[in-house]
Amino acid sequence: VVSTLALLQACVDNQGDAWTFAVDALVRYLEAAGAAPGEAALPDGFVALVRTLAVRTAQLHAALAQRTGDDAFDPEPVLASDIPLWVKQVHDDALATIDELAAQAERLPQSLQPLAAAVVAGLPRLLERLEACAQQSPQGLKTRYHGDYHLGQVLLVNNDFVIIDFEGEPARSLPERRHKHSALRDVAGMLRSFDYARHTALQQATQHEGDVDQL
């Protein structure tokens, strides 16, 4: 039996995580936009740093796609049998999420309830699109991937980034975290994180409900 007794990690001197950096930059931009509509611009260097993060993300997955002779890490071709399994996982996650949203909808702020109702009503169309994905032909490679990739997992270090926390999504079992998949899972997770940052910045930058629509 193999057991992990301890884990030693190096400390990375940093300027904070990319989540704090992104939210702060967006809040400053929105506050400037509210004070002078049409004249505001994103803080200097923000877009350049986002491009750097994109490059580091690509390099991460290029490294994970290298062949080393270790079966646990070597990339493998996506198989026809993988597609239905991946679609079923997304299907089950979608059903669970919509069920939870429907159960909690009445507790949401009044302004969000119509949006929640529209999402719940759109479930059949969503499932139809998922089923269409099951017919896709397999292509490309599946590799190990970060598994919990978002702005909070990236440290800002001297105008560059260091990616941390490779243990995968904590809610999933260890065997699930070791499964190989498309690198686009990580890309999607990071894009979702930027969307969260946008909403968080809107909440922090607005004083009144009407300000959200304006910004």
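# Helices, pockets and loops in a predicted model

Modeller: This is a predicted model. In helix H7, at 1.5 Å a residue, the 22 residues should span 32 Å, and the end C-alpha atoms are 31 Å apart, which agrees.

Biologist: Which residues of H7 are buried?

Modeller: The buried residues of H7 are Asp186, Gly189, Met190, Ser193, Ala197, Ala201, Leu202 and Ala205.

Biologist: Let us step back to the whole chain. How many helices and strands does the protein chain have?

Modeller: The protein chain has eight helices and four strands. Read from the N terminus, the elements run α-α-β-α-α-α-β-β-β-α-α-α.

Biologist: And what does the C-alpha trace span along its principal axes?

Modeller: The C-alpha trace spans about 60 × 45 × 35 Å along those axes.

Biologist: What percentage of the residues in the protein chain is buried?

Modeller: Of the 215 residues in the protein chain, 27% are buried. As for contacts between residues at least 6 apart in sequence, 72% join residues at least 24 apart.

Biologist: Now pockets. How much space lies in the second largest pocket?

Modeller: The second largest pocket holds about 530 Å³ of space. Its lining comprises 19 residues, and those nearest the centre are Ile83, Trp86, Cys133, His181 and Ser182.

Biologist: How does the lining of the second largest pocket divide by class?

Modeller: The lining of the second largest pocket has 11 nonpolar residues, seven polar residues and one charged residue.

Biologist: Cys133 was among the residues nearest the centre of that pocket. Is cysteine 133 buried, partly exposed or exposed?

Modeller: Cysteine 133 has a relative accessibility of 37%, so it counts as partly exposed. The range for that class lies between 20% and 50%.

Biologist: What about cysteine 11, buried or exposed?

Modeller: Cysteine 11 is exposed, because its relative accessible area is 71% and the exposed class begins over 50%.

Biologist: How many disulfides does the structure hold?

Modeller: The structure holds zero disulfides.

Biologist: Back to the pocket lining, where Ser182 also lies nearest the centre. How far apart are valine 78 and serine 182 in sequence and in space?

Modeller: Valine 78 and serine 182 are 104 residues apart in sequence, and their C-alpha atoms are 8.4 Å apart in space.

Biologist: Where is valine 78 placed?

Modeller: Valine 78 is in the loop between strand E1 (76-77) and H3. With a relative accessible area of 11%, valine 78 is buried, because the buried class lies under 20%.

Biologist: Which residues does valine 78 touch, leaving out those up to four places away in sequence?

Modeller: Valine 78 touches Ile83, Trp86, Pro138, Gln139, Gly140, Leu141 and Lys142.

Biologist: Where does aspartate 82 sit?

Modeller: Aspartate 82 is in helix H3, which covers residues 82-104. Its relative accessibility is 9%, so aspartate 82 counts as buried.

Biologist: And which residues does aspartate 82 touch, with the same exclusion in sequence?

Modeller: Beyond residues up to four places away in sequence, aspartate 82 touches Pro77 and Lys142. Lys142 is also one of the contacts of valine 78.

Biologist: Next, cavities. How many of 30 Å³ or more are found in the whole structure?

Modeller: A search of the whole structure finds one cavity of 30 Å³ or more. About 40 Å³ of space lies in the largest cavity.

Biologist: Which residues line the largest cavity?

Modeller: The lining consists of Ala18, Phe21, Ala22, Phe46, Leu49, Val50, Leu53, Leu151, Phe161 and Phe194. By class, these are 10 nonpolar residues, with no polar and no charged residues.

Biologist: Which helix provides the largest share of that lining?

Modeller: The largest share, four residues, comes from H2. Helix H1 (18-35) and helix H2 (46-64) each supply at least two residues of the lining.

Biologist: One last topic, the backbone. What is the phi of asparagine 158?

Modeller: Asparagine 158 has a positive phi of about 50°, although it is not a glycine. Asparagine 159 likewise has a positive phi, of about 60°, and is not a glycine.

Biologist: Where is asparagine 158 found, and is it buried or exposed?

Modeller: Asparagine 158 is in the loop between strand E3 (154-157) and strand E4 (160-163), and it is exposed, with a relative accessible area of 65%. Asparagine 159 is found in the loop between E3 and E4, and at 55% relative accessibility it counts as exposed.

Technical notes:
Residues numbered from 1 in each chain as written. Predicted model: local features only at pLDDT ≥ 70, side-chain atom pairs only at ≥ 80, totals over all residues. Heavy atoms only, no water. Buried < 20%, exposed > 50% of the residue type's maximum accessible area, 1.4 Å probe, protein only. Contact = heavy atoms within 4.5 Å. 1 Å grid on protein atoms, 1.4 Å probe; cavity = no way out; pocket = protein on both sides within 12 Å on 5 of 7 lines; lining within 4 Å. Points joined across faces, edges and corners; volume = space filled by probe spheres on them. Nonpolar A, V, L, I, M, F, W, Y, C, P; charged D, E, K, R; others polar. Expected span 1.5 Å × (residues − 1). Disulfide = S-S within 2.5 Å.
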